[in-house]
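I am opening a notebook page on this structure, and I want to write down, entry by entry, what I looked up in it.

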Amino acid sequence: MDKRPPRPPALAERFLQWFCSEEVIETLYGDLYELYQRRVRQLGKRKADLYFFLEVLDVCRPFAWKSKSDFQKNHIDMLRYNFKIAWRILLKEKMHSLIKIGGFALGIAACLLICLYIGDEFSYDLHYENADRTYRVIWVSNEDGKIEKDVFFSAPFARTLKQEFAEVQLAGRFLESELFGAGNKEIRRADQKQSHFETGFIYADQELLEILDIPIVKGDPRSALSEPRTVVIS
């Protein structure tokens, strides 16, 4: 017949050892064990086990948590050891380390530059309200394998687009070439004799004000350029 004293639940003991510091376990475990044995004699092992679980949960409070020196000592020692080994390897194999670290740095820099470039490309002209529905038409020619692209079209092209393609709601033309007189101009008010040299002029259709949501200082954007020889100041 086994006369050894009953042991507390193993799960509760393991939890107590995992959670509490060694000082707390040495101080409290003897009292908990003695109290457990007394309850076994008075209440039976099943109730004593339950009370032991409750006592362990009651003891496991923040003050009993393993300290940094107990709970994290192994992790800190492992990190310190790994850094020491890495530093020795760097000093021993300088060229190999330079190639690896330099390549890693160049790779990160290249990825950052690519991300910045892609972000800039996707953000192009997004300040327009209808940017996802606004397009600039270009033409592409292939003469003997030589690819050329340009944005110059004949004057009736915008009107033809609206007539031939139902999905085109608005189409407008603009011209900002110095060759055709746009870009920089001398202007004069009708009631004055003195001319003024101004920059930033383009020739444009009325529809562009609505397509590009261009803010104007004065006037109705729906009719400001409906007639020839009219001006809009943005």
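I began with the surroundings of Glu 13 in this predicted model, and, once I had set aside the neighbours within four places in sequence, I found Glu 13 in contact with Arg 7, Pro 8, Tyr 29 and Phe 52. Glu 13 belongs to helix H1. Is Glu 13 buried or exposed? I looked up its relative accessible area, which is 12%, and because buried means under 20%, Glu 13 counts as buried.

Next I asked which other residues of H1 are buried, and I noted Ala 12, Leu 16 and Phe 19 along with Glu 13. Looking down the axis of H1, I saw that its buried residues fall within an arc of 140 degrees, so they line one face of the helix. On the other side of H1, I found Leu 11 and Arg 14, which are exposed.

Another entry concerns Ala 155, which I located in the loop between strand E2 (146-150) and helix H7 (157-164). Its relative accessibility is 47%, so I recorded Ala 155 as partly exposed. I also checked Ala 155 against Arg 173, and although 18 residues separate them in sequence, their C-alpha atoms are 8.1 Å apart in space.

Last, I looked at the chain as a whole, whose secondary structure comes to eight helices and six strands. Reading from the N terminus, I wrote the order of the elements as α-α-α-α-α-α-β-β-α-β-β-β-β-α. Of the 234 residues in the chain, 15% are buried, and the chain exposes about 19,900 Å², of which carbon and sulfur atoms supply 59%. Finally, among the contacts in the chain with a separation of 6 or more, I noted that 42% are between residues 24 or more positions apart.

Methods. Residues are numbered from 1 along each chain as its sequence is written. This is a predicted model: local features need pLDDT of at least 70, side-chain atom pairs count only at pLDDT 80 or more; totals for chains, interfaces and linings use all residues. Side-chain values use heavy atoms; hydrogens and water are left out. Helices (H or I, at least four residues) and strands (E, at least two) are DSSP runs, numbered from the N terminus. Buried means under 20% relative accessible area, exposed over 50%, partly exposed in between (1.4 Å probe, protein chains only). Contact means heavy atoms within 4.5 Å. Accessible areas come from the Shrake-Rupley method with a 1.4 Å probe; for residues, only the protein chains shown count as cover. The arc is that of the directions from the helix axis to the C-beta atoms.
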